[in-house]
Amino acid sequence: MDPGKKRRLARIFQEDNRTVIVPMDHGVTIGPCAGIENMQSIVNKIVQGNADAILVHKGMAKHVDFADSALIVMLSGVSNLNPNPNNKVQVCSVQEAIRLGADGVSVHINVGASDEDKMLTTLGHVAEECEIYGMPLLAMMYPRGPKIIDEHDFNVVAHAARIGAELGADIIKTNYTGNIDTFKAVVESCPVPVVIAGGPKNKTVHDTLQTTFESIKAGGAGLSIGRNIFQHEKPTGIVNALSKIVHNDFSIEAALKLIGES
């Protein structure tokens with residue numbers, strides 16, 4: 001492995017080869033939603049909870065201090081006001097991310113969408129650039145399109161994850177399949193680390209912790225969860241609790257106690 005990429009990955013992952021990533025790139029997709037109105041304020045709370053990495057767009061990378069957390073810059077974007085919101089387009093280059101001091105970059109691919117071909121072309125080009133510059137690539141691989149009946153179905157999740165790995169990603173972010181056995185099969189069929197997405201805000205904190213706990217038991221490499229963290233009333237506490245599950249194998253009950261819930 002390129003030594004530069006190895007060093008950057010070591011800032012994203014801890015020695016246990018697991019990571020807690022908090023994506024806060026939602027401002028492009030859905031605007032300044034609850035929790036991310038003041039980015040520096042919420043980032044400070046996330047950092048206090050010991051997040052390993054924070055993922056944002058290039059503009060926020062310029063204006064926000066991420067302290068000791070690794071920085072991942074999002075290269076894809078489109079707003080939900082667009083008539084074709086599943087078509088993620090490239091809005092930043094790998095070189096721009098390098099100038100911003102990024103430890104990694106990310107692209108978003110909706111597998112099964114009508115513009116999947118264009119997004120996969122972008123993924124291929126970005127993967128090549130990342131190899132040239134020694135930059136880790138996180139591919140957000142979501143089964144999402146007219147043929148997708150269930151976005152958490154094992155077959156489509158495994159397919160999406162494998163596409164990302166096949167086309168050069170170093171880390172895959174995808175949906176949790178709902179149980180340990182099926183997600184273990186996803187992980188085992190993907191030769192690079194797999195982290196789970198959070199999706200829309202869960203009804204309870206217990207749901208978020210349980211999904212994380214099960215994914216780790218299945219061999220997952222951690223999480224990349226946004227709204228279920230930055231929209232929580234105690235974002236520092238929830239990050240800390242999730243980190244303890246990911247890195248210290250805490251039980252759900254022990255993690256709940258860290259944020260004053262049971």
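**View 1. Gly199, a partly exposed glycine in a predicted model.** With a relative accessibility of 32%, Gly199 falls in the partly exposed class, because that class lies between the 20% and 50% limits. Bear in mind that this is a predicted model. Gly199 sits in the loop that runs between strand E9 (194-197) and helix H9. Setting aside neighbours within four places in sequence, Gly199 makes contact with Arg227 and Asn228. Val156 is 43 residues away from Gly199 along the chain, and the two C-alpha atoms are 16 Å apart.

**View 2. The largest pocket, with Gly199 among the residues closest to its centre.** This pocket has a volume of about 820 Å³. It is lined by 40 residues, and the ones closest to the centre are Tyr142, Arg144, Gly199, Pro200 and Arg227. Several elements give two or more residues to the lining: helix H2 (26-29), strand E4 (76-77), E6, E7, helix H9 (205-217) and helix H10 (227-230). H9 supplies the largest share, three residues.

View 3. Strand E1 (residues 19-23) and strand E10 (residues 222-224) run parallel and are joined by three bridges. Zoom in on Val20 and you'll find its bridge partner in E10, Leu223.

**View 4. Ile46 in the largest nonpolar core.** That core holds 72 residues, and Ile46 is listed with Met24, Leu137, Met141, Ile172 and Leu209 as having the most contacts inside it. Not counting residues up to four places away in sequence, Ile46 touches Val22, Met24, Ala51, Ile54, Ile229, Pro235 and Val239. There is also a second, separate core of 16 residues, with Leu9, Ala70, Ile171 and Ala221 among them. Nonpolar side chains tend to be buried together in soluble globular proteins.

How values were computed. Residues are numbered from 1 along each chain as its sequence is written. This is a predicted model: local features need pLDDT of at least 70, side-chain atom pairs count only at pLDDT 80 or more; totals for chains, interfaces and linings use all residues. Side-chain values use heavy atoms; hydrogens and water are left out. Two strands pair if DSSP finds at least two bridges between them. Helices (H or I, at least four residues) and strands (E, at least two) are DSSP runs, numbered from the N terminus. A nonpolar core is a set of buried Ala, Val, Leu, Ile, Met, Phe, Trp, Tyr and Cys residues joined through side-chain atoms within 4.5 Å. Buried means under 20% relative accessible area, exposed over 50%, partly exposed in between (1.4 Å probe, protein chains only). Contact means heavy atoms within 4.5 Å. On a 1 Å grid over the protein atoms alone, a cavity is a set of points where a 1.4 Å probe fits but cannot get out, and a pocket is an open set with protein on both sides within 12 Å along at least five of seven lines; lining residues have an atom within 4 Å of a point. Grid points are joined across faces, edges and corners, and a volume is the space filled by probe spheres set on the points.
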